[in-house]
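Here is a friendly walk through a model you have open beside you. Please keep the viewer at hand while you read.

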2 protein chains.
Amino acid sequence: MTMITDQPVPDTSPAEVSARCAGAAAAADELSELGTWPPARRGRLLRAIADALDEHRSELVALADLETHLGAARLTGEVARTTAQLRLHATVAEAPATLGVVADVADLAAVPVPHPALRRFLRPIGPVAVFAASNFPFAFSVAGGDTASALAAGCPVVLKEHPGHPRTSARTAELVVGALERCSAPAGTFATVRGLHAGSALVVDPRIRAAAFTGSLRGGRTLFDLATRRPDPIPFYGELGSLNPVFATAAAVTARGREIAEGFVRSVTLGAGQFCTKPGLLLLPRRHGLAPALIDTVRAAPPSRLLTSAISDAFAATREQLGGIDGVRTLVAVEDSGGGSGACLFAVSAEDLTSNAALFEECFGPAALVVDYGSETELLELASAIPGSLTASVHAEPDDDEMVRRLVARLARRCGRIVYNGWPTGVAVSRTMHHGGPWPATTSPLHTSVGTTAVDRFLVPVVLQSVPRRLLPHPLQEGTNAGTSHG
Amino acid sequence: MTMITDQPVPDTSPAEVSARCAGAAAAADELSELGTWPPARRGRLLRAIADALDEHRSELVALADLETHLGAARLTGEVARTTAQLRLHATVAEAPATLGVVADVADLAAVPVPHPALRRFLRPIGPVAVFAASNFPFAFSVAGGDTASALAAGCPVVLKEHPGHPRTSARTAELVVGALERCSAPAGTFATVRGLHAGSALVVDPRIRAAAFTGSLRGGRTLFDLATRRPDPIPFYGELGSLNPVFATAAAVTARGREIAEGFVRSVTLGAGQFCTKPGLLLLPRRHGLAPALIDTVRAAPPSRLLTSAISDAFAATREQLGGIDGVRTLVAVEDSGGGSGACLFAVSAEDLTSNAALFEECFGPAALVVDYGSETELLELASAIPGSLTASVHAEPDDDEMVRRLVARLARRCGRIVYNGWPTGVAVSRTMHHGGPWPATTSPLHTSVGTTAVDRFLVPVVLQSVPRRLLPHPLQEGTNAGTSHG
């Protein structure tokens, strides 16, 4: 068990940030498809990290519970999710498809232009800056999905710790570095930095070739601007904030209104409302009659503490601000028990919602808006008005099919995942998952931070023209004419 | 034959730019996988455009020759390349893989988290702003690769014409619009705008969801900054400028020095040095003895005119500037025949090259630097020092294999295509091509503007969770468990 002291953990100095980036750049050569750690060998590294975390699970959970108040049950589950994610990315690293080799022999008869022998493959983009999130001290932190997918791609990682769980971060980083050392991974494959200024220095360091971030719209925008204003801009993959609207039809409310109300509140209050997929908006038909069920369920929800006092203060301020907006009624607001856990629901009309931009911003914590709509037309208009979102959910009955088809077509332009008769919280880590969406949900709508395709963010195509097979490193000799994505 | 007059073509007003973007947004719904023009139907549009261009080839070539001085032979070939490219993208649109459907059934026993039924597919990103290039009045202009790949993805296009060939652009646009009308494509599927201010207005229009650009570093950076500084930043795919270095080993120079010298000069002067893949740098072993062959070949090259007087003036200025840099010797400089065609070669040492940033910038036109290196170590160091480039070429003999492997490993980090014993000009349009590279070659190293994977720039993943098959539009019902890129 690591000793927990009250000693403040010092920030990383600019010189140290630079040194860690230099280390990552040196490791990048070794980790490439042309180095000593080609994809097929990289899986070992990810499994060693997963094993180390599993082995020290109780210690990590205890540390994280002290720092985040998320509770041992949730945190134990999160470590399991994190190590499963690392092992899934190990299989990604080892899959031949990750090298993306596609080859064509020379075709001197091609019309209009004869073409030479071409062999395309994917290389790691280079050192990646990862910015850890507050709300998942394991799954989106030191050894979380961004780190796992960057390493699977062959990219060294320099990780900016989240200040909300410094000791959990430090201990996890020790375990990661220890596991990499036991595998004889190149020095510099993984390092951490700490502090706001270190984070800014990291994203503009010339050796960093891409950045991944999960956090607030404000923090994400600041770092995105730094990344894109560099003399040599780099890709910045940020997940910034999401409203995650839930649409319920009249038929669904008639058939199972109470179930919808209870399910919504459970999803809103899960993890104290601190999930990026927390539904922040419930759209119900006018005269839905669900207010009592919603209020009762909020009142019955178990009390919980927010992650940090800064988050708690911000939540209290947003709660007060939302309650003061013209047209917004407070349906229920649980007394703040000191740690900022006071769950609350606000009611607002569709007109007031669309005329006030503040209502379209994510509120981080257990709060949500309930909006009533007057007609299917208004419901469809609202679907086109919502800002870019990670998810949207639809509760409907078979009689609604025609309208649901139209709703899904609109929502597909606004969000990365559409959930039918279910809730957005709980993101499966799989090859089919997409955790993304148009701005402000993410900075890069083509990409996901969860699931196996997260690795695509860090892979860059290169074509070898007329290069003889004998000159190719072994992994690149495997290519065939099959495997292209566009026949 | 269209009448060519000297009437100035007016710029597009802000109100007109906005109206064209609104038209594109309306068309976007129809072109989507959920609209009336799913991918399988879109191929028709691309083939109709190709047919219209082929049918009017002589007229287009005559117009373009007047405006660009590129000559009938080259321009006739370019029309053929352009229509072949449109037809290739028609097959991309029709390929089931373009929808990217990957589905997993629910797995309630999944560890650590059970997961629901998930079906991922790719949707068109929405209206795309395309900025035409000067140097390919067909292949990178109105109906060029960016337009073809955006339409294949299901994205309406608003194209900013290049001022270097206004009448060719206007006539091509007429043919495109006519072809789309004959197919009953949605109004707004394709429109053009004209003028610098119209271009700026286009890239910040809220309906535009992505932009594609081929042109100068300066112009591209300006538009990239506009795109990334929007309240809702959009992907900006720019190809900006490339040095395209050529490395030759001592053994290669001994075996076929004259051939290398002649091939290099031919590649430098092809199309008056106005290709984005023009080799701008030749690295030769010290005491290579190739200066006479290089000089003779430059003097023997046929005279040619640059595209526009602005380009001609810029070339003359850069030529003078380069010749005045300390340590730069003029090997040969053909008299400027009035149109700015004066091809020239400069010689510089490896030390002077790496200590002067101006020498690492692309010079648009028939000029290049010849650099001599002292050792293999110095050659490898130069390979790591070059800026991001679309291509790099290596001339070597079998005895050089060991060194070439190391050189290729380094170059793979700096450029998008490596050519062995060949020249970078002449870019095959195929499923294996990658025409991209790290900044400043492009703004987005993951993507290509040539070849079938160019369509990937405009496709955005969406996941449907627990959505019953009956609610899916027909094309999305096709999904199977196969076809994922990371098994």
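Predicted model: local features only at pLDDT ≥ 70, side-chain atom pairs only at ≥ 80, totals over all residues.

**Where the chains meet**

Chain B puts 81 residues into the contact, and chain A puts in 82 residues. The size of an interface is often given as the accessible area lost when the parts come together. For chain B and chain A that area is about 6,900 Å², with 58% of it on carbon and sulfur atoms.

On the side of chain B that touches chain A, the elements giving two or more residues include α1 (14-31), α4 (72-94), α8 and α14 (401-411) of chain B. The element that gives the most there is β15(B), with seven residues.

**A helix at the contact**

Helix α8 of chain B covers residues 217-228, twelve residues in total. From first C-alpha to last, α8(B) reaches 16 Å, close to the 16 Å expected at 1.5 Å a residue. Which residues of α8(B) are buried? They are G220(B), R221(B), L223(B), F224(B), D225(B), A227(B) and T228(B). These buried residues pack against α8 (217-228) of chain A, and within chain B against β3 (128-131), α7 (196-204), β6 (210-214) and β7 (236-239).

**An arginine in chain A**

Now turn to R319(A), which sits in helix α11 (residues 309-323) of chain A. A polar atom of the R319(A) side chain lies 2.9 Å from the backbone oxygen of V334(A). Beyond neighbours within four places in sequence, the contacts of R319(A) are A333(A), V334(A), G342(A), A343(A), C344(A) and F346(A).

**Cysteines without partners**

How many disulfides does the structure hold over all chains? The number is zero.

| Cysteine | Nearest cysteine sulfur | Distance | Relative accessibility |
|---|---|---|---|
| C183(A) | C155(A) | 18 Å | 8% |
| C415(A) | C276(A) | 14 Å | 1% |

C183(A) counts as buried because its relative accessibility is 8%, under the 20% cut-off. C415(A), at 1% relative accessibility, counts as buried as well.

Methods
Residues numbered from 1 in each chain as written. Chains lettered and ligands numbered in written order. Heavy atoms only, no water. Disulfide = S-S within 2.5 Å. Buried < 20%, exposed > 50% of the residue type's maximum accessible area, 1.4 Å probe, protein only. Helix = DSSP H or I, 4+ residues; strand = E, 2+ residues; numbered from the N terminus. Expected span 1.5 Å × (residues − 1). Contact = heavy atoms within 4.5 Å. Buried area = accessible area lost by both parts, 1.4 Å probe. Polar contact = N/O pair within 3.5 Å; in protein donor to acceptor, adjacent residues only side chain to side chain.
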